[in-house]
Every structure is written in C-alpha cells, then in structure tokens.
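Please walk me through this model, one local feature at a time. Short sections will do.

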Amino acid sequence: MERIIIHSDLNNFYATVEKILNPELEGKPVAVCGSKEERHGIVLAKSEEAKRTGVKTGEAIWQAKRKCPDLICVPPHFDLYIKMSSEVRAVYARYTDLIESYGIDECWLDVSSGTRLFPEYDGEKFAEEDGVKHYSDGFLRHLGDVIRNAVKSELGVTVSCGVSFNKVYAKLGSELKKPDGTSVISAARYKEVIFGLPVSDLLFVGKATEQKLKAMGITTIGRLAAADDNLIIKTFGKVGRNLLRNARGEDDEPVRHMNDKREMKSIGNSCTYAEDVTDLKRIERYLYVLSESVAARLRESGQGLADTVHLWVRDSNLSDFSVQKKVRHTALCGEIARHAFGLFCANIKPPFKVRSLGVTVSGFDNGTSQITLDEACGKYKKLEAVERCVDEIRKKHGYDKLQRGIVAEDPREMSNDIKSTHLIKPAKIDYPDEDGV
C-alpha cells in the first residue's frame with residue numbers, strides 16, 4: 001500500500017492565537033504587526049476577516065489600513081505562539097512519532113503504520129482501480145478530519161490538512177481548502193486533482209522558476225510533469241530532476257522522526273523597513289546588520305563555513321528579486337556583507353526604492369574545507385576569533401555595546417539585533433540555476 005502523508009497547516013496562526021488570548025477580537029479584522037518604532041512596521045500575520053479585505057502579509061501597516069480602515073493591529077507574542085505550536089504537536093504525537101516541522105505552524109505527519117490509532121472509520125477503507133488496491137479517498141479524508149477536529153476541539157485553533165502519498169503533494173493539498181478543511185490527493189486520482197493547477201502551486205517553485213517555466217510554455221503542474229527531461233535539466237541543471245519528480249508525484253523523501261534534528265541547508269535573515277530605502281550607503285549598512293545576524297547564527301549552528309551568499313530584495317511595489325554567488329568558504333560577517341553588497345550593486349541600479357532586504361548563506365562544509373593561503377597565514381583565523389569574541393561580549397553586555405563603524409553611523413541600527421528579534425520560518429524558495437545565478 002502507498003504511504004499516507006498528512007501536511008497540517010495552522011490557519012492564520014498568529015492572529016488565531018491572539019484571538020484566543022483576547023476573545024473580544026473574535027469576528028474582527030486583526031493583524032499581528034511588527035513595531036513601527038523599531039522600523040519593523042509590517043503585517044506579520046492576519047485573520048481571515050482581514051484577509052478578505054485584501055490585507056497581505058509583508059505589507060506596511062499603513063497599506064493594510066488603507067485597505068481595511070477597521071483593522072485592529074496587535075503586537076506579536078512569539079513565546080505564546082511557540083507554546084501553542086508545541087501543544088499542537090503533542091496532539092499529533094498521539095497518532096504518529098514521524099512528525100517533521102516546516103516552520104512554527106506547519107508539519108508533515110506519516111501515519112502509514114499508525115492508522116489503527118485513529119477512531120473507527122465508518123466506510124470502505126480500501127478501493128480498487130485497474131486491479132490495484134489502494135486506500136479510499138473517504139478513508140484518507142477521515143484521517144485528516146480526525147487531526148483537524150482534535151486540534152480544533154482541544155486547543156481552539158484550526159488547521160488545514162492535505163493527505164497524499166508523498167510530502168510534496170500533501171503540502172499542496174493543505175493549500176486547497178482553507179481555512180479548516182481536508183483535501184485528498186490520492187495515488188489513484190492525483191492527475192485529475194492537480195495537473196491543471198498553476199505550476200507555482202508546487203513546492204519549491206518560486207517566482208524566478210515560475211517565470212522561466214512560463215517562458216518555456218509550462219504554466220501548469222501537468223505540463224511540467226509531461227515536459228521533456230533533457231529540456232528541463234538543461235535549463236535548471238541537476239535540480240531540474242527534482243522539479244520533474246515533484247510534479248510527477250515521484251517524491252519519496254521520508255518524514256523525519258519528531259526527535260531528529262533537521263539538517264540545515266541555509267541560514268538567513270531579512271528585514272522590512274518602514275520607509276523606502278533609496279540611498280546606497282544605507283543599503284550597505286543594512287546588509288551589514290543582516291550579515292551580523294547570519295554570521296553569528298552560522299557560528300552557533302556547528303555547520304562550519306558557507307560557500308554561497310544569497311541576496312533577496314523587495315521593492316516598493318512588493319516585487320521580489322533574488323541572486324546568489326559562490327564565494328570562498330566563510331563564516332565572517334564582513335565577507336558575507338561585502339558579497340551581498342556587491343550583488344546588490346551589480347544587479348540593482350539607481351534609482352531604486354527598496355522595501356525589504358534579506359541575506360542568506362548556504363553550502364555548508366561541516367568543517368571539512370581545505371585551508372586557504374590566508375588561513376595558513378593565520379589571517380582568517382584571527383578575524384574569526386575576533387567575531388567570536390564580539391559574540392561573547394554581546395551575549396554578556398548587550399548587542400549595542402559593541403558595533404561596527406558603518407552600523408554605528410545610524411543610532412537606530414545600533415540596537416537592531418535581528419538575530420534575537422526575528423522568528424525564523426522556512427520560506428517558499430526558488431531552485432538556483434546550475435551556475436548559481
């Protein structure tokens with residue numbers, strides 16, 4: 001029999017938790033927003049009522065209120081969101097120990113061997129098609145409904161579930177019936193359910209990949225599944241094989257055990273600014289602030305050094321641009337920031353109006369990189385020792401007690417400790433091209 005994978009996605013999670021904390025907010029348009037004073041005045045999450053008025057995650061508070069004058073803005077309470085997330089996972093753990101997180105509000109569950117733990121199903125558990133026995137859609141829907149109803153009745157938050165035979169399709173399914181619904185994408189009927197959907201609905205197909213596929217005449221998942229292998233691989237490199245496998249339902253990646261530590265593939269942070277950034281010097285300063293966070297997190301991770309720097313830019317029209325480059329292995333803020341700034345200067349020409357910036361590193365060596373010439377001379381090791389010393393001083397005395405000159409030029413950035421104040425969530429990412437552009 002095929003696997004049974006459930007992807008659970010908590011609906012409007014931050015806003016829902018806020019409504020539980022304050023029942024007077026029930027039925028009203030609510031947005032969880034960052035602080036204007038700290039220049040993070042954007043919508044982090046919104047309620048279903050706010051969503052219906054056109055409010056979007058990531059836009060400025062003033063933009064959201066222009067769409068929804070009655071919008072109620074509340075500050076985030078990340079500690080409570082984490083607590084609720086843990087309680088939801090405790091519910092999942094009654095049905096399986098194969099629980100893989102995808103951010104604070106999403107999980108994959110493999111319940112293939114634990115169906116006996118679900119309440120009795122009043123219907124046909126199996127069906128047969130073309131001589132092949134498989135689980136019935138009704139039974140699969142029942143499993144998702146049990147999960148949804150348990151979370152809703154016990155904790156007061158709603159969840160959308162996608163039930164399928166692999167992780168990619170299960171994730172896609174959880175997007176089809178929101179809020180508080182279960183969608184089934186079975187092995188017997190997946191083509192009729194998803195092949196007509198936009199290719200951008202597929203996990204890991206971001207805007208850049210979507211545009212390249214669109215230029216090739218590939219606009220739906222079905223067209224990608226039917227595409228010529230050589231053409232896709234020639235265009236996207238080795239990751240083109242993954243695109244094809246995901247579209248065709250051939251993803252066989254297992255769901256990790258709840259106690260397994262997930263392998264890090266990238267480390268990054270981003271920030272949205274209360275006003276459009278038009279000055280190149282400020283761009284450079286902000287990239288240093290972001291790189292401080294990324295470098296410190298990389299050193300803490302134990303992943304060693306990184307050999308790829310990624311830059312993400314969002315303009316005043318909320319259009320995104322991303323680019324990356326291979327670099328020598330590093331965990332130094334200064335090197336990461338210089339590479340990010342170089343990518344910005346090479347790709348974003350004035351006049352520009354930047355709304356958000358993000359810096360990410362990937363390609364970790366896990367401590368296996370060969371020693372370069374300047375490392376042999378001690379230069380790199382000395383710089384790394386200095387940055388680790390700065391880490392310790394900041395932990396003991398505060399982030400703003402020791403700062404780079406370029407950052408200290410703006411008093412507001414002196415205390416902008418992005419590493420400590422920004423909650424990390426996996427994003428919908430693009431596969432890079434083979435050459436890293």
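The report below covers selected parts of the fold.

## Basis

This is a predicted model, in which local features need pLDDT of at least 70, side-chain atom pairs count only at pLDDT 80 or more, and totals for chains, interfaces and linings use all residues. Residues are numbered from 1 along each chain as its sequence is written, and side-chain values use heavy atoms, with hydrogens and water left out. Helices (H or I, at least four residues) and strands (E, at least two) are DSSP runs, numbered from the N terminus.

Ser8 sits in strand β1, residues 5–10. Ser8 is buried, because its relative accessibility is 0%. Buried means under 20% relative accessible area, exposed over 50%, and partly exposed in between (1.4 Å probe, protein chains only).

The Ser8 side chain makes a polar contact with the Tyr92 side chain at 2.9 Å. A polar contact is a pair of N or O atoms within 3.5 Å; within protein, one must be able to donate a hydrogen and the other to accept it, and residues adjacent in sequence count only if both atoms are side-chain atoms. Neighbours within four places in sequence aside, the contacts of Ser8 include Asp105, Cys107, Val159 and Cys161. Contact means heavy atoms within 4.5 Å. In the loop between β1 and α1 lies Asn12. Asn12 is not a glycine, yet its phi is positive, near 45°.

## The β3-β2-β4 sheet

Three strands make an open sheet with mixed pairing, in the order β3-β2-β4. Its edge strands are β3 (43–46) and β4 (72–74), each pairing on one side only. The twist averages 30° from one strand to the next. Two strands pair if DSSP finds at least two bridges between them.

Strand β2 (residues 30–33) and β3 run antiparallel, joined by three bridges. Here Ala31 is opposite Lys46 of β3. Helix α1 (residues 13–21) lies across β2, β3 and β4, at about 110° to β2. Axes are lines fitted to C-alpha atoms, for helices over the stretch in contact, and angles run from 0 to 180 degrees between N-to-C directions.

## The β12-β13 hairpin

Strands β12 (residues 306–315) and β13 (residues 320–330) are antiparallel, with eight bridges between them. Trp312 has Ser322 in β13 as its bridge partner. Four residues separate the two strands of this hairpin, and Leu318 in the turn has a positive phi of about 65°.

## Helix packing and a helix start

Helix α12 (residues 280–301) packs on helix α13 (residues 333–347) at about 140°, with axes 8 Å apart. The two helices α12 and α13 are therefore oblique. Angles under 35 degrees count as roughly parallel, over 145 as roughly antiparallel, 65 to 115 as roughly perpendicular and the rest as oblique. Residues of α12 at this contact include Leu287 and Tyr288; those of α13 include Phe341 and Phe344.

At the start of helix α10 (residues 229–236), a side-chain oxygen of Asp228 comes within 3.2 Å of the backbone nitrogen of Asn230. Gly237 follows α10, with a positive phi near 75°.

Two cis peptide bonds deserve a look. Lys178 to Pro179 is cis, with omega near -5°. Pro179 is in the loop between α6 (167–174) and β10 (182–185). Pro350 and Pro351 are also joined by a cis bond, with omega about 0°. Pro351 is in the loop between α13 and β14 (354–364).

Phe204 is a non-glycine residue with positive phi, near 80°. Phe204 lies in the loop between α7 (190–194) and α8 (207–215). Its relative accessible area is 24%, so Phe204 is partly exposed.
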